[in-house]
Amino acid sequence: MVYQKSKTLLKKQGLAASKKLGQNFLVHQHTAERIVDFAHVNKEDTVLEVGVGLGALTRPLAEAAGQVLGLEADSGIIRLHEEQQDLPDNVRLIHQDVLKADCNELVRLSRGNRLKIIANLPYSISSPFLFQLIEQHEQIDFAVIMLQKEVALRLLAQPGTKEYGVPTVMLGTVATVKMLMQVGPEEFHPRPKVDSAVIRLSFHPLPERAAALSAFDRKLLKTIVSSTFGQRRKTLLNGLSSAGLLGKDVLRECIAEAELLPTVRAEQLALEEFVRLTQVIKKRQV
């Protein structure tokens, strides 16, 4: 298999999976092909691949899509592929840290279309990457992402569970989350110490639940959610008080107006209840 050849070349060229970059390269062809199948792309599509690595995903993706924009932060990996010319002609390699990428430029390279993303990125940047997707959701069609299984389960968590948290709530305002498959450590080089999972985030069209939310201040919602989950064992009132949004007595009134109990905890609130509380607090701040 071509990717196995690349893996050997990696060693021959004095390159190795970087601990600093958190690299664990996917090296199982069948799994890569299944992930591409889940993406449902066709020859009309330009797909953004985040984390090209040894190209295990890149090659089946290039067979399915019209063009692949391959972002890779490791200059050594870029050089390897350029010297070996081992990727299909419809793959455009871009040496770029995805967290510093210009989303508008990526949309332009995608011929003005919303981004269709497949990502197998270092787990150390999963959280900032997910919040980047949330911030730029209007420019994204979908994202199929390999994550640490524990993180994937958090995104799928329900209120009242220990996994339910800030990313669960914030992602719920812009996307639906679907578990696609679980992946074991043996499918990577080197083997990670954790299990992995592939999920699909669907941003467009805006999911029915998110579309049903009435207008709210997204920045304020994030502040409220972050402050209350930051002290998740405290009551909602005490968690909110630490954010400095309003006085405690006013916050108590806001909680009542939002039809919530001051003794409830953040992990017990549904997305709609967080949004309702945000609307009430915003009104009091004016």
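**Figure 1. His40 sits in the loop between helix 2 (29–39) and strand 2.** This view, like those that follow, shows a predicted model. The phi angle of His40 is near 55 degrees. That value is positive, and His40 is a residue other than glycine. Most residues other than glycine have a negative phi. The relative accessible area of His40 is 63%. His40 is therefore exposed, since the cut-off for that class is over 50%.

**Figure 2. Glu259 occupies the loop between helix 12 (248–257) and helix 13.** Here too phi is positive in a residue other than glycine, with a value near 65 degrees for Glu259. Is Glu259 buried or exposed? Its relative accessibility is 65%, so Glu259 counts as exposed.

**Figure 3. His189 and Pro190 are joined by a cis peptide bond.** Omega is about -10 degrees at this bond. Most peptide bonds are trans. Pro190 belongs to the loop between strand 8 (188–189) and strand 9 (196–202).

**Figure 4. A cis peptide bond also runs from His204 to Pro205.** Its omega is near -5 degrees. Pro205 lies in the loop that links strand 9 to helix 9 (208–211).

**Figure 5. Ala211 is part of helix 9.** How exposed is Ala211? Its relative accessible area is 48%, so Ala211 is classed as partly exposed. In sequence, Ala211 and Val174 stand 37 residues apart.

Figure 6. Helix 8 (166–172) and strand 7 (176–183) each supply at least two lining residues. Helix 8 has the largest share, with 3 residues. By class, the lining of this pocket divides into 11 nonpolar, 4 polar and 1 charged.

**Figure 7. The largest cavity has a volume of about 100 Å³.** How many cavities of 30 Å³ or more does the whole structure contain? The search finds 1. The largest cavity is lined by 13 residues. Val98, Leu106, Leu115, Gln132 and Gln136 are the closest to its centre. Two or more lining residues come from each of strand 2 (46–50), helix 5 (103–109), strand 5 (115–120) and helix 6 (126–135). Helix 6 gives the most, with 3 residues. The lining of this cavity is made up of 11 nonpolar residues, 2 polar and no charged.

**Figure 8. Ile117, Ile145 and Phe274 touch the most other members of the largest nonpolar core.** This core has 63 residues. Which helix gives the most to it? Helix 13 (residues 271–285) does, with 6 residues. A close-up of Ile117 sets aside its neighbours within four places in sequence. What remains in contact with Ile117 is Leu48, Val50, Phe129, Leu133, Ile140, Phe142, Ala143 and Val144. Another core, of 25 residues, lies apart from the largest one. Val36, Ala39, Leu87 and Val144 are among the residues of this other core.

**Figure 9. The whole chain, for orientation, contains 13 helices and 9 strands.** The C-alpha trace spans about 65 × 40 × 25 Å along its principal axes. The chain has 286 residues, and 49% of them are buried. Among contacts with a separation of 6 or more, 68% are between residues 24 or more positions apart.

Notes
Residues numbered from 1 in each chain as written. Predicted model: local features only at pLDDT ≥ 70, side-chain atom pairs only at ≥ 80, totals over all residues. Heavy atoms only, no water. 1 Å grid on protein atoms, 1.4 Å probe; cavity = no way out; pocket = protein on both sides within 12 Å on 5 of 7 lines; lining within 4 Å. Points joined across faces, edges and corners; volume = space filled by probe spheres on them. Helix = DSSP H or I, 4+ residues; strand = E, 2+ residues; numbered from the N terminus. Nonpolar A, V, L, I, M, F, W, Y, C, P; charged D, E, K, R; others polar. Buried < 20%, exposed > 50% of the residue type's maximum accessible area, 1.4 Å probe, protein only. Contact = heavy atoms within 4.5 Å. Core = buried A, V, L, I, M, F, W, Y, C linked by side-chain atoms within 4.5 Å.
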